[in-house]
There are 4 protein chains.
Amino acid sequence: MKIGILTSGGDCPGLNAVIRGAVLNGVISHEAEFVGFRNGWRGVVEGEFSPLHRHDVRGLSKQGGTILGSSRTNPFEGEGGGPENIQRMLDENGIDAIIAIGGEGTLTAARRLTDAGLKIVGVPKTIDNDLAATDYSFGFDTAVEIATEAIDRLRTTAESHGRCMVVEVMGRHVGWIALHSGMAGGAHAILIPEQPTNIEQICEWVESVRDRGRAPLVVVAEGFHLDDMEEAHSHKGLDAFNRPRLGGIAERLAPMIEARTGIESRDTVLGHIQRGGAPSAYDRVLATRLGMAAIDAVYDGAWGSMVTLRGTDIRTVSIAEAVGRLNTVPQSRYDEAKILFG
Amino acid sequence: MKIGILTSGGDCPGLNAVIRGAVLNGVISHEAEFVGFRNGWRGVVEGEFSPLHRHDVRGLSKQGGTILGSSRTNPFEGEGGGPENIQRMLDENGIDAIIAIGGEGTLTAARRLTDAGLKIVGVPKTIDNDLAATDYSFGFDTAVEIATEAIDRLRTTAESHGRCMVVEVMGRHVGWIALHSGMAGGAHAILIPEQPTNIEQICEWVESVRDRGRAPLVVVAEGFHLDDMEEAHSHKGLDAFNRPRLGGIAERLAPMIEARTGIESRDTVLGHIQRGGAPSAYDRVLATRLGMAAIDAVYDGAWGSMVTLRGTDIRTVSIAEAVGRLNTVPQSRYDEAKILFG
Amino acid sequence: MKIGILTSGGDCPGLNAVIRGAVLNGVISHEAEFVGFRNGWRGVVEGEFSPLHRHDVRGLSKQGGTILGSSRTNPFEGEGGGPENIQRMLDENGIDAIIAIGGEGTLTAARRLTDAGLKIVGVPKTIDNDLAATDYSFGFDTAVEIATEAIDRLRTTAESHGRCMVVEVMGRHVGWIALHSGMAGGAHAILIPEQPTNIEQICEWVESVRDRGRAPLVVVAEGFHLDDMEEAHSHKGLDAFNRPRLGGIAERLAPMIEARTGIESRDTVLGHIQRGGAPSAYDRVLATRLGMAAIDAVYDGAWGSMVTLRGTDIRTVSIAEAVGRLNTVPQSRYDEAKILFG
Amino acid sequence: MKIGILTSGGDCPGLNAVIRGAVLNGVISHEAEFVGFRNGWRGVVEGEFSPLHRHDVRGLSKQGGTILGSSRTNPFEGEGGGPENIQRMLDENGIDAIIAIGGEGTLTAARRLTDAGLKIVGVPKTIDNDLAATDYSFGFDTAVEIATEAIDRLRTTAESHGRCMVVEVMGRHVGWIALHSGMAGGAHAILIPEQPTNIEQICEWVESVRDRGRAPLVVVAEGFHLDDMEEAHSHKGLDAFNRPRLGGIAERLAPMIEARTGIESRDTVLGHIQRGGAPSAYDRVLATRLGMAAIDAVYDGAWGSMVTLRGTDIRTVSIAEAVGRLNTVPQSRYDEAKILFG
């Protein structure tokens, strides 16, 4: 069997470990052959790929990024796109199946292509941990670890200067990275997209920390929104062109907190350092197992399925059932964390 | 309510985070009071403890070791031991309940004391991850991370000198640390107590790695045993006094591998560095949640129960049912890892 | 002798190690007594301090921030300020001498106070490494290490997406952190305050990297300025109120690079994570030795002097001679680094 | 010019950064060509080498070990050894000069070959930092950092159990790694080859720590020897064959300390993890600069010289003058550290 692998969307620690796990299991257990598509679906629609031998994946489990490159190309668009063109390209090159490693978009595309007869198995990739089908996704643990280290560092500065630090972490639609890194780092407020909060409440938490003689530390997910209208009002009357650039949520929150509480406040945006570099051991093991399991799914002919983690087991689920349900932070987990605030 | 906390047995990253989670949840949610027993059960039988205030647990989630100290004292032995003496001490000091953080021994003792009427809730502590009642125990992730970093470092030396490196990690009865760190670090053989192997098989793996032009890396759990008689035979005829000191398993394996394969071999024993120091973010979150859940169990009057992790949930189970079943590495997980050997 | 210690200005990894080194050497070698002034010179002019015993500095060498707190208070201002008031406060409290740990401002103030008869010894603190009197200052090595780790992480994202990453590190007046972290991380351009460059040159470096098939990585010190007028021109005609918020240098450079080269570009500002948290071993040793040497200078009566590093030796130099000379990156070091660009 | 590079002796973090610095400076500044000899001098005497292009050194600054391999082969021995044979091999392959990266042995051999007319420049490699000609050698900072992290971890275990921990670090003839990691980690005794100490003195330090309520932490260099005769006596009368295997110094010290003080004592031998893996930023900068400077020395025709660090400058010194003088820990540095003991 000749299997093509692609990685799509934003990079995530563990992508290379998935590739390695798949190639090693394929080569050793099944004498499979592999090709790697360049830059996600773009390599598929443009027929750009190269052989992926056992020695090409040597030492990959600890390497960040993806050796295959990535893009946000949609496989249904462009000259070579769509199921027929793709199937023709696969046939011409003797490629029997595709393992597609990517997020919601990639998995949905994979399902649609499978519905049209293509042989695809998915591996979910979401650093935000926002897919309900899997307990945890690879990359998430590494991001939490990096964010926690940063919070540990910021805390000493906060305490030395009696400042409030506002740290922005990843999490567009869900607050898992904020929840876990905030809990691990002992944050005094954790602000997540699932739980809009008004600025009064935030300042109350911050002031209660100050009143206990400590320096407040606020962790905020990039997708958090205030549930009030203050911000909107503050720029009323400025036309779009002259309206000040908004910046991220931390950049806006810090001066609001300082203005209301009188506590000197600073923001830090962790940004891309959360998604690059060597994966944690946890993510290496998870990613390796998912890559290996994807091969088993291929040899089971489980087209249209994807591999996931449940408890300590790797399982195969139908993509159709798996995507579309956002893995939000449940109320009980937020309530649990909130006990430690303020 | 006045709650006493103790930590017992070998230290483990996350002990302090459990203590902090329990105290904060107790103080904030229930206005509980706390005392910390000194050095495990010894503090209980000798009535040695001190108040544990909110400010005493400040910053503890990232701190290794245990601020309460530990020991291997058995609460049924000694002058102040046994259920009646302990109950009397508790009554005299107005202590209503005990949270006991410890391994198999501590939990078994806690169950027996509970059977005799004491009010105790357990928190499982096992860096080896050998308790079947919980998916993972705190400290394990940190140990795997440290072992993986060490393996990463040893690999470059191995490759530079064309040597076989044999790394000994913790794991007296089960091979989880070896399995996960070996998988994360790309080991070429993982030797665990659950899977006795003969030296011929090990050397076969090692030689096959060498034949592919690479430097073999063997990860061995301290509790692994060869399944043959070579070792026993080699010292036959020496009396006990003159028999050479055996050393650990890695120290014995390295020369055996070198003698049989001709590949220069070195052993490294990671030892205590695996169990000290700051916990990983994963372990801090898990330990904090377990500590918080222990308080809920106390206020539920769930005496004789312990808190555990199942999937992403913290649950309460009866100690009686939980202890006694070893969490061994299942055959399927070993087979999965073995595909990547040699 | 009773010695007062203060830390002033922005925090820096190693401050606590200096305090510990001073207290331990003072207590053990000379049976000195210590007090710690709260929040820098503010604690001096307001007479706010507390005793600093041997057990107060336990475990401090690895702890980031400063247990004494810091501020930017000027000791010549305010009610209790100026040499006479300060001397009176010292006399009233039986404090014989001051060890002042701080940057250029603190050292200059210390010298002026010494000229007026006060007994002060200085310890230079500058995370930017911008004091000519010392080969390296504590905190610098840690900042370089953190920046290098971040660059390592960003590189894998850059390579996976074929992007240009622009990383902003500390360095207001000098480019040492950018130079060392850029060299350690294999940056393709290092932009420092000492070497203004025009945007054409930067884009030339970036394109040459892209042309060799790699993802360009640019490290820029916060104090770097373009040597051309483009930026000024681009906002001509907007009045001050409506002028868009400028943001940091990386935030401005990334879109300029993208616009001119067509290479997708992203900025990351490391900010405060560079100055908080545990110091590197290098900084712990340097800071400990400086703290110990400050005590020797006190017992030598070397008022108005400060302790510095030359080669592998700790020396004492006159503050008057030491301050005022900026430790800029010499042309030869920049030329050396530049060979590796592009 | 065509330049051959070799790495010889034990591996050391930074070897690859030296190779990269040399190749990049050579290719970019001088359009030099490079070959890499396999496995140190063995590749020279056996004429085994391969081309080393610019892309071969990509990303090498952060990679531990040596891509060229290493060995302990002596270039004066064997069929292809000695100056004439080597010169003939170089001539036949058009190799103009050699950059030899290695320790005392390699540098001495390089000098002897240079005396016989060969064109060689040396780069000193010693993780122990035992060469007097350079302030610091690359690899040393990384080793100290790793040892310090280990000491930080062991301390929490020590404190939790009231144990004495004895940590063995590298340092065969000199105690620099022990001195710096011990100082950074707050050790209560630092035992180095330059300062033989008797067991009574060590136990006195250990007991004084215990008496202050703390857990003693002893750092010992592998080359440390007790200055008394106890050990020798204890095995008197056993013939060589039956004498128990001695083990390392930590393994022998821990039980001696336990027997005399009654404090439970444990040893940990850090071993090979100190010399593998990614170099610290400090070592990457130093190694890169040394590699670049070696090329300058080659183009200056400075045969028989080696590159070193003095203060913040890279200098070129004659190997003849440089080798043979051990860089021992001076009495003043030991006395400084000793103040913090006990």
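User: Before turning to the contacts between chains, how is a polar contact defined here?

Analyst: A polar contact is a pair of N or O atoms within 3.5 Å, where, within protein, one atom must be able to donate a hydrogen and the other to accept it. In this predicted model, 10 residue pairs are in polar contact between chain B and chain A, both residues being at pLDDT 80 or more.

User: Which helices of chain B supply at least two residues each to the side that touches chain A?

Analyst: They are α1 (15-30), α5 (140-161), α6 (176-185), α10 (281-299) and α12 (331-338) of chain B. The most comes from α10(B), with 7 residues. By class, this side of chain B has 12 nonpolar, 12 polar and 14 charged residues.

User: How many salt bridges does the rule find across the interface of chain B and chain A?

Analyst: The rule finds 4 salt bridges there. One of them joins Asp152(A) to Arg284(B), with the closest N and O atoms 2.8 Å apart.

User: What area is buried between chain B and chain A?

Analyst: The size of an interface is often given as the accessible area lost when the parts come together. Here the buried area is about 3500 Å², and carbon and sulfur atoms give 56% of that area. In terms of residues, 38 of chain B are in contact with 38 of chain A.

User: In what order do the strands of the open sheet in chain C run?

Analyst: The order of the 4 strands is β7-β8-β6-β9, with parallel pairing. The edge strands of chain C are β7 (189-191) and β9 (265-269), each pairing on one side only. Strands β6 (164-169) and β8 (217-221) of chain C pair over 5 bridges, and Met165(C) has Leu217(C) as its bridge partner in β8(C).

Definitions and conventions:
Residues numbered from 1 in each chain as written. Chains lettered and ligands numbered in written order. Predicted model: local features only at pLDDT ≥ 70, side-chain atom pairs only at ≥ 80, totals over all residues. Heavy atoms only, no water. Pairing = 2+ DSSP bridges. Contact = heavy atoms within 4.5 Å. Buried area = accessible area lost by both parts, 1.4 Å probe. Salt bridge = Lys/Arg side-chain N within 4 Å of Asp/Glu carboxyl O. Polar contact = N/O pair within 3.5 Å; in protein donor to acceptor, adjacent residues only side chain to side chain. Nonpolar A, V, L, I, M, F, W, Y, C, P; charged D, E, K, R; others polar.
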